Amino acid sequence: MPSPDWRKTACNLCYVNCGLEVLVENERITKVRGDRNNPKSQGYLCNKAARIPFYAHHRDRLTTPLRRRSDGGFDAIDWDTAISEIAAKLREVVDRHGGKSLALYGGGGQGNHAGGAYATALLRALGSRHVFNALSQEKTGDFWVNGHMFGSQTCHTAEDVHHCDLLFVIGANPWIAHGFPNARDHLNDIRKDPGRKMIVIDPRRSETAERADLHLAVRPGADAFLLGAILARLIERDAVDHGFIEQHTVGFAEVRNALLRIPVGQWAAAADISLEQIEQCIDMIVAAKAMTVRVELGIQQGVNSTLNSYLEKLLIMLTGSFGRRGTNQLHSWLQPLWGNSPGQRFAGTNTEVIGGLLPPNLFPDAVLTDHPDRLHAVWIDSSNPANTAANTAEVESALRALDLVVVVDVAMTETARLAHYVLPASSQYEKTEFTLFNFEFPRNYFHVRAGVVAPLEGTLPEPEIYTRLTRALGLLPGDNALAPLREAAFRSRAAFASELRGFMGANPSLAPLGALVLYNTLGATLPDGTAAAAPLWQASHLCAKRSPEAVRRALNAGPEVTDQMLGEALFDTIVSSRNGAVFTQHEYEDVWSLISHPDRKVRLAIAPVLEWLGKLDPADAAPRGDYPFVLAAGQRRMFNANQIFRDPAWRRDDPDGALLINPADLELLGASDGDWIAVQSAAGRVVARCKRDDSMKTGQLALPHGYGQDYPTADGARLNNGPRVNMLTESGNRDPVAGTPYHKHVPVRLERLAAAEAAAFEAQSRRIHRVSV
């Protein structure tokens, strides 16, 4: 029996991806600790990461390909059969309807990005660029604003939290959700330092708001009114950085005129914030030497989400809180996680494509339409839209209407149950993985991690799945044709580069499959079996070309490393370090070189958003009479994470995913703490256990994300695991520009359950929580 040992890896539960060490005993992860040698997280560990064994080892893992029968059940089939049948059906769909009838949904779950490059390669080789994923359910309004202000949708802001003297948190709760490295350490540092302050905008008195010097408990859905009022008072008090604005921006006069038209008193009242609090906020901003603004889904999935992102950027720019130590920055990329697609549209729904992505809220429309460009097939990789996209019922209808649905995943998800074929992937700790969420400045990090436990028998890593499939489709040459490239890679990188140029020049149709070509050739030479990282070779060379001095600083590269050698040195560093590595180290003044406008100036005025701002009506902030409560659908809590955590035994707290409610609202309902309550929206109904919570604003409710899966019990039954929150959300309740859902503002009403229904939910709750790993 092999002795247990600690192995290097990273957390896959949020996009910070802290470095970890896991104790492996008999090919099982048994303990987790922070990796003190990780250059980014330096040993930091949160309570969620400590529960990773519940992700890695549970009874819902898939270990064989599955084919759905006409009765809805599934038959186990072998890999060769699955690949040949799927290839034939894909070819049939493409031949009949064209490549644009196919879409990718996913392409990399949390911390699971190595497969994304290969899924995208398949999609593009078949003639489609349609991609839906979690980013376009959360962030594309921000990307759209960045594209206008900075010149490219791939320009993305970072926060220099550890050097600021004022942290302004808007719609975020980093004490629970993190979002930047070592979040709790930094929040504690700010709280203990009398020279540093924190402002929090959040309807709820969250764990982060509890630690703030000023908490602005905004009315749910009224963030735009509050931010607009703050900006207007900055202008009225002439508390803006004129020197910064003149030197680094364009369009201030237009923005100033628009902000001066805001009736501050009315907008403050709409936001339920006093004028005195707004003045206190302005005073703190003026007193700060370096302010950093941190935002998250509270405004990015709230009412007016794209407008919110614009106002947040104006707050940064008008106060000159950009491009200096302790302020916001732009960050570098090793490989951009999304694209730049200004002016592109998806004809099937006449939708703007932002960052190369389509919003999941449009997915049912893209399928259930008579448009000639509607979708006929979807390839779903490491994603569960039947649980995570708005309006579960509509998403399920769309999945059932498609000619072909293939799911690649580690577990039998709710989406997999609606697929025609299900392919079992190795888990994120059984294969090579890396993260593309590299958002730090001035030092930015990348972490390639090798598998730490053996793959379950019957599973395959994604690069192997896509290699087999593209060969079955006749798109990727076999091993013999690629042998000269592989042999050249073993000789030297120079020999490989030369051979690759000739090979790709002679085979231009292989351009979309470049990731697979690299995996099957250069990949064989990489250490610790990290072949899946081979596409990073090209990314490393491009990064070294874009930011040579920043790469040199990161590598501490001397003059003996020529510019021609720099990309190779970067690639070698990235693929050989199991702790993670710094890939760029910028100076603060470098931020201006990361702006894509030719003059390197920020465009403040975005005409359609200024027009939107001018049309805001404070009356719209009032609650609806038919649905008097506002539900935050998808709250982050101490013991919830993304959909990859299926085993309910991982939760030490909140096992039912309680509905948080203000005590006064609970009393008016005539209910008691712990009662089962029905939550009704325009889209559907969910039953949840209620929990009185003094931190909630009256009229505000919250349900967590990451629940609602069905999970097998020891006796073979499958029981639902908590509230399936997207039964309540409605796909039309979305941002007009980006299509991002208003998940933080779902109008609902409540009702107490009859005794018999409540007893049934109580019995199911007790049964599911007897489940163990």
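A: Contact means heavy atoms within 4.5 Å. By that rule E396 touches A386, L418 and R724, not counting residues up to four places away in sequence. This is a predicted model, in which local features need pLDDT of at least 70 and side-chain atom pairs count only at pLDDT 80 or more, while totals for chains, interfaces and linings use all residues. Residues are numbered from 1 along each chain as its sequence is written, and side-chain values use heavy atoms, with hydrogens and water left out.

Q: Why is E396 called buried?
A: Buried means under 20% relative accessible area, exposed over 50%, and partly exposed in between (1.4 Å probe, protein chains only). E396 has a relative accessible area of 17%, so E396 is buried. E396 lies in helix 16 (residues 392-401); helices (H or I, at least four residues) and strands (E, at least two) are DSSP runs, numbered from the N terminus.

Q: What makes the pair of F496 and W537 edge-to-face?
A: Rings of Phe, Tyr and Trp (its six-membered ring) pair if their centres lie within 6.5 Å; planes under 30 degrees apart count as stacked, over 60 as edge-to-face and the rest as tilted. The ring centres of F496 and W537 are 5.2 Å apart and the planes stand at 65°, so the pair is edge-to-face. Because F496 lies in helix 19 (residues 493-506) and W537 in helix 21 (residues 536-546), the pair ties together parts that are 41 residues apart in sequence. F496 is buried, at a relative accessible area of 0%, and W537 is buried at 7%.

Q: What makes the aromatic pair of F434 and F446 tilted?
A: The centres are 5.7 Å apart, with 35° between the planes. F434 is in strand 20 (residues 433-434) and F446 in strand 21 (residues 443-446), so this pair ties together parts that are 12 residues apart in sequence. Both F434 and F446 are buried. The structure holds 23 aromatic pairs, and ring pairs link Y15, F143, W333, W338, F437 and F439 into a cluster.

Q: How do you know that the charged end of R33 sits over the ring of W6?
A: A charge sits over a ring if NZ of Lys or CZ of Arg is within 6 Å of the ring centre and within 35 degrees of the ring normal. The charged end of R33 is 3.8 Å from the centre of the W6 ring. R211 lies over the face of W175, at 3.6 Å from the ring centre.

Q: What order do the four strands of the open sheet have?
A: Two strands pair if DSSP finds at least two bridges between them. The order is 11-10-9-13, with parallel pairing. Strand 11 (214-216) and strand 13 (291-295) are the edge strands, since each pairs on one side only. Strand 9 (residues 166-170) is joined to strand 13 by five bridges, and F168 stands opposite V293 in strand 13.

Q: Which residues have the most contacts inside the largest nonpolar core?
A: A nonpolar core is a set of buried Ala, Val, Leu, Ile, Met, Phe, Trp, Tyr and Cys residues joined through side-chain atoms within 4.5 Å. The largest has 182 residues, and those with the most contacts inside it are M149, F168, I230, Y310, L315, F322 and W379. Helix 7 gives the most to this core, with 10 residues. A second, separate core of 28 residues includes V367, V405, V407 and A416.
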